Amino acid sequence: MSDHPPTIADGPQLIAYADRLGGDLAGLRELLDGPLAGAFDGVHVLPFFDPYDGADAGFDPRDHTTVDPRLGDWDAVRRLSEGRLVMADVIVNHVSADSPRFADVRERGDASPWAPMFLTLSSVFPEGATEEDLAGIYRPRPGLPFTLMTLGGRRRLVWTTFTSEQIDLDLRQPQAWDYVASVIDTMTRAGVRLLRLDAVGYTGKEPGTSCFMTPSTYALTDRIARYAHERDARVLVEVHGHYLQQVEIAQAVDLVYDFALPPIVLHALTAGDLAPLERWLAVRPSNTVTVLDTHDGIGVVDVGESDLRPGEPGLLAPAQIDALVERIHANSEGTSRRATGAAASNLDLYQVNCTFYDALGGDDRRFLLARLIQLFVPGIPQVYYVGLLAGNNDMDLLAATGVGRDVNRHRYVAGEVEEALERPVVRAQLEALRLRRTHPAFGGECRWVMDGTRGTATWRAGTGSVELSFDVSDATFQVREGDRVLMSDVSPAEA
């Protein structure tokens, strides 16, 4: 970026659905101000737009500028932003098939003023597409990204990258840009200061390309970022892809996710191998948001061989990825297998659907060490609400919806939250988050040293320092401040 984006707090952030943690926006704020106080500088509120419970858990809004009234309103978002950073999703690739604009296109076809806003096959390939063109399109799910629909009495192939309920936008057109700009304006007026560009990698459809992370994608991302900066906001780009591609993207945007970290940490703790983590720490960009789990599955494409650059190896070899996936299935007692791939709808080619806690077999010590590794890796740490509460796979919700990723999207009620907050592994995470948020050493420099199965991470600022030492073979660890033990693999040290 050539301009100067606003600064934001770099302490931990919570990721949560308002309806699944707190019940609504006001309830989420009460949790952050109450039992979670002091642990987080910010919160990523997953889609709260109208409707929040559509075909893709809110990522298919009918109206992206309206808060679902069951969750609150923009004033509730504004109150949530008081004293903390709020991040929200700008869903730039698509809208709901039930949106009023697309409904008008269904009815009137090209006569609708909104027709240019939506992509069809001919929007990108006006002279027709060859077999090679179609075979080269990158998509995260099986098959081609088109759905046969009738628009104004004419049969058309409508571009639907994810599902037939999500209609792709043609962001080259002023109608689509004005729509996205109105979303950003509405959010920033309500105090949202970090914008997550959901599925932005798929927005740049160009003939003769994979239609993924094309020059048009970079140009659009830059345009959105500049527009956001003028409104005192920054952007986080959400892209799953080969790790070298992630490094390239980071050079042109405000923030990127470190999606390679979760599978690498799982590999380290299940295979006793720190070498991939050491390789990644040597090249990863600094402008990252770190995660262990999110509302999606555990990605493997981020550490695997490149789909778009044949022969480009990943951070993990194919055999290591296969072994990791099987260990996740075994640790979760087969529940992740039932939620992943052909076993569940909403197929993803690059993710295993499982809570991070179950991926480690419900082992409190290994799970807490994974969280500490995340918190000591440079970047802005985000913690998903199910991970914070050390949640198990929700097989009842999977059975009810048939959507694989729902195993990691449990709907917590008040009693469940209170009960989870009493568990030692949850209390220890909160202790670690408060340390990460408040200790001045985390504002300095970080140094990692690996030796076999053992690792040490030291943050130092001035004369102050905090050190994490650990062994992935048995998941033992200590967090020290000089000679003082702040936390060990048994429990947080007494104050």
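Helices and strands here are DSSP runs, numbered from the N terminus. With that in hand, let us walk through this predicted model.

**The sheet and its helix**

Five strands make up an open sheet, ordered β17-β18-β19-β20-β21, with antiparallel pairing. β17 and β21 stand at the edges with a single partner strand each, so one side of each has no neighbour in the sheet. From one strand to the next, the twist averages 15°. Helix α18 lies across β19, β20 and β21, and runs at about 135° to β21.

Here is where to find these elements along the chain:

| Element | Residues |
|---|---|
| Helix α18 | 424-438 |
| Strand β17 | 445-451 |
| Strand β18 | 454-461 |
| Strand β19 | 464-471 |
| Strand β20 | 476-481 |
| Strand β21 | 484-488 |

β17 and β18 run antiparallel and are joined by 7 bridges. In one of these strands, β18, Ala457 is the bridge partner of Trp448. Leaving aside residues up to four places away in sequence, the contacts of Trp448 include Leu277, Leu281, Ile373, Phe376 and Phe470.

**Helix α7**

Helix α7 covers residues 215-229 and reaches 21 Å from its first C-alpha to its last, close to the 21 Å expected. Its buried residues include Leu220, Ile224, Tyr227 and His229. The buried residues of α7 pack against α6 (174-189), β10 (194-198) and β11 (234-237).

Note on methods. Residues numbered from 1 in each chain as written. Predicted model: local features only at pLDDT ≥ 70, side-chain atom pairs only at ≥ 80, totals over all residues. Heavy atoms only, no water. Pairing = 2+ DSSP bridges. Helix = DSSP H or I, 4+ residues; strand = E, 2+ residues; numbered from the N terminus. Axes fitted to C-alpha atoms, helices over the stretch in contact; angles between N-to-C directions. Contact = heavy atoms within 4.5 Å. Expected span 1.5 Å × (residues − 1). Buried < 20%, exposed > 50% of the residue type's maximum accessible area, 1.4 Å probe, protein only.
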